[in-house]
Amino acid sequence: MTAQPARPEHRGPETASVMRISPFKPSLVKAVFRDVTPMHVSRSAAWAAASVTWTVLSEIIDGARRAAAEEARKKLVPGDLVSAIGRNIELEVGDTWYHHSPTFRGLTGVLYDAEGVIVPSRKRSRSRKPSAVVGAHRFEAGVKKLLRSQGATAVPAMVRDLDGIASVFLTDLARDAAMVVREGGVKRFGAVTLAISGEPASPPFLKDSPHAYSARRGDGRTIGRDDILAATTIQLFGGDLRQRALTEAREATQHT
């Protein structure tokens with residue numbers, strides 16, 4: 001009997017080439033984009049957006065696994081998600097979901113606006129128009145497949161939160177990509193570099209900074225792969241996660 005290759009315990013740059021295929025299908029990506037913009041989405045753009053979303057969710061799950069391991073647990077719970085985000089600011093994405101999810105609502109407590117008035121809890125939308133929150137369930141199959149690929153299991157509430165974060169992140173990515181097309185490049189965002197107090201800041205990745213996407217080529221009706229990469233520089237901070245997401249998205253679209 002032929003021995004099966006061991007499943008990698010920790011996802012990192014060394015396993016990226018093995019796990020290039022995202023569980024988020026291009027058809028699902030294009031459906032999300034249609035909720036945001038009437039622009040055409042190229043095949044390579046859909047693969048790039050799926051890859052970036054996969055990279056972000058994989059990193060969040062990896063951080064949650066580490067938090068669970070410290071408590072000798074294998075099944076992930078929402079508290080592990082919060083711990084992962086708290087330890088790594090790069091993972092704080094899809095923040096619109098935080099106001100909807102009981103996980104984050106319970107932790108942040110009562111919310112106040114700029115005038116000091118209590119902000120009531122948001123009610124579920126009754127609109128028939130799909131939104132990032134209402135349509136989050138579309139990501140459940142992909143999230144479960146991603147969990148299995150990392151040898152992880154999660155309680156339903158954790159799966160729900162990962163669904164929501166994936167949906168909101170991809171929707172925000174679609175909006176930013178459409179903006180890049182309309183404006184002819186990244187016009188309004190500067191570079192952000194993360195640094196730890198007392199330690200020298202890492203040099204920025206100039207090739208992948210927002211300035212590198214300050215101008216675009218192509219027509220004004222189609223979202224292409226480079227538009228997704230430009231939107232990624234807007235959505236993610238200038239740290240390791242952004243660099244890895246951009247690199248893996250390029251690899252995933254080499255043959256599309």
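Reader: Is S42 buried or exposed?
Author: This is a predicted model, in which local features need pLDDT of at least 70, side-chain atom pairs count only at pLDDT 80 or more, and totals for chains, interfaces and linings use all residues. Residues are numbered from 1 along each chain as its sequence is written, and side-chain values use heavy atoms, with hydrogens and water left out. Buried means under 20% relative accessible area, exposed over 50%, and partly exposed in between (1.4 Å probe, protein chains only). The relative accessible area of S42 is 16%, so S42 is buried.

Reader: Which side chain does the side chain of S42 join in a polar contact?
Author: S42 sits in the loop between β1 (40-41) and α2; helices (H or I, at least four residues) and strands (E, at least two) are DSSP runs, numbered from the N terminus. A polar contact is a pair of N or O atoms within 3.5 Å; within protein, one must be able to donate a hydrogen and the other to accept it, and residues adjacent in sequence count only if both atoms are side-chain atoms. A polar atom of the S42 side chain also lies 3.1 Å from the backbone nitrogen of A45. The side-chain contact asked about is 3.3 Å, and the partner is S44.

Reader: How many residues of α6 are buried?
Author: Helix α6 covers residues 156-183 and reaches 40 Å from its first C-alpha to its last, close to the expected 40 Å. The expected span is 1.5 Å times one less than the number of residues. The helix is largely enclosed by the rest of the structure, because among its 28 residues the number buried is 22.

Reader: How many residues does the largest nonpolar core have?
Author: A nonpolar core is a set of buried Ala, Val, Leu, Ile, Met, Phe, Trp, Tyr and Cys residues joined through side-chain atoms within 4.5 Å. In the largest one, F33, L76, L147, I223 and I228 have the most contacts, and its number of residues is 59. Elements giving two or more residues to this core include α1 (26-36), α5 (140-149) and α6.

Reader: What is the relative accessible area of V143?
Author: V143 lies in helix α5. Leaving out residues up to four places away in sequence, V143 touches F24, V159, L162 and D163, where contact means heavy atoms within 4.5 Å. V143 counts as buried because its relative accessible area is 1%.

Reader: Which residue meets E59 in a salt bridge?
Author: A salt bridge is a side-chain nitrogen of Lys or Arg within 4 Å of a carboxyl oxygen of Asp or Glu. The bridge of E59 has an N to O distance of 2.8 Å, and its partner is R244. The two are 185 residues apart, E59 in helix α2 and the partner in helix α8, and both are buried, E59 and R244.

Reader: Which residue forms a salt bridge with E70, and is E70 buried or exposed?
Author: The closest N and O atoms of the pair E70 and R87 are 2.7 Å apart. At 53% relative accessibility, R87 counts as exposed. The partner of E70 is thus R87, and E70, with a relative accessible area of 56%, is exposed.
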